[in-house]
Amino acid sequence: MITHTLSVAYTEVSGPDNLSDQDKDLLQLAWEACDSAYAPYSNFHVGASVRLANDLVFKGNNQENAAYPSGICAERVAVFSASALHPGIPIRSIAVVARTEVFNLSVPVTPCGACRQVIAEYEMLSGQPIRILLQGNSEKIWIIDGIANLLPLMFHGGDLKK
Ligand code: THU
């Protein structure tokens, strides 16, 4: 019997001043998206922004529904919009932010499993790591270089081919 151990890495910075201008802008756009999230059921407002290799940026936010599973996360709204409008252009980076008045979100929010899987799809497609920036109610920001750090042992298209 062999136990394999995997490690993941993320970098924490104390605030947006530690980011490049591009990353700062991306984070700002995610906060703008967060402000118009439609989250009347959870009151958990999430915003996402996606920067493509051609430098176009797409925003998304969570869209909830009275039939709960019909809603969708911010990350997927942003990523799918980018891919729908600019298919095949690699995604360079994604910023995800969240805020709620219900409790204090002192750590950055990390994408749910379904969103990780979707991000993985586009990273595999381009073959280039996607940089993921995360922030919650505090100044602290987490930076993750590549989806394998969020979704180790991921399922991907290659698994469908013999
Ligand atoms: N949500 C996101 O938008 N992104 C995530 O990665 C986690 C969860 C949304 C879905 C739902 O509208 C609300 O947050 C509570 O789960």
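This is a predicted model: local features need pLDDT of at least 70, side-chain atom pairs count only at pLDDT 80 or more; totals for chains, interfaces and linings use all residues.
A polar contact here is a pair of N or O atoms within 3.5 Å. Ala-74 does things through its backbone instead, placing an N or O atom 2.9 Å from an oxygen atom of the ligand. On its own the ligand has 370 Å² of accessible area, and the protein covers 76% of that.

As for who else is around, the shell takes in Ser-42, Phe-44, Val-46, Cys-73, Glu-75, Thr-110, Pro-111 and Cys-112, among others. Two or more shell residues come from each of β2 (44–52) and α2 (74–85). Sorted by class, the shell has six nonpolar residues, three polar ones and two charged ones.

Turning to the packing, the largest nonpolar core has 28 residues, and the ones touching the most other members are Val-50, Val-79, Ile-91, Ile-94, Ile-132 and Ile-147. Both β2 and α2 give two or more residues to this core, as do β4 (91–100), α3 (113–126), β5 (131–135) and β6 (141–145). Take Ile-91: leaving aside residues up to four places away in sequence, it touches Val-50, Arg-51, Leu-52, Val-79, Tyr-122 and Ile-130. Another core, of twelve residues, lies apart from the largest one, with Val-13, Leu-19, Leu-26 and Cys-34 among its members. In soluble globular proteins, nonpolar side chains do tend to be buried together.

Technical notes: Residues are numbered from 1 along each chain as its sequence is written. Side-chain values use heavy atoms; hydrogens and water are left out. A residue is near a molecule or strand if one of its heavy atoms lies within 4 Å of it. A polar contact is a pair of N or O atoms within 3.5 Å; within protein, one must be able to donate a hydrogen and the other to accept it, and residues adjacent in sequence count only if both atoms are side-chain atoms. Accessible areas come from the Shrake-Rupley method with a 1.4 Å probe; for residues, only the protein chains shown count as cover. Helices (H or I, at least four residues) and strands (E, at least two) are DSSP runs, numbered from the N terminus. Ala, Val, Leu, Ile, Met, Phe, Trp, Tyr, Cys and Pro count as nonpolar, Asp, Glu, Lys and Arg as charged, and the others, Gly among them, as polar. A nonpolar core is a set of buried Ala, Val, Leu, Ile, Met, Phe, Trp, Tyr and Cys residues joined through side-chain atoms within 4.5 Å. Buried means under 20% relative accessible area, exposed over 50%, partly exposed in between (1.4 Å probe, protein chains only). Contact means heavy atoms within 4.5 Å.
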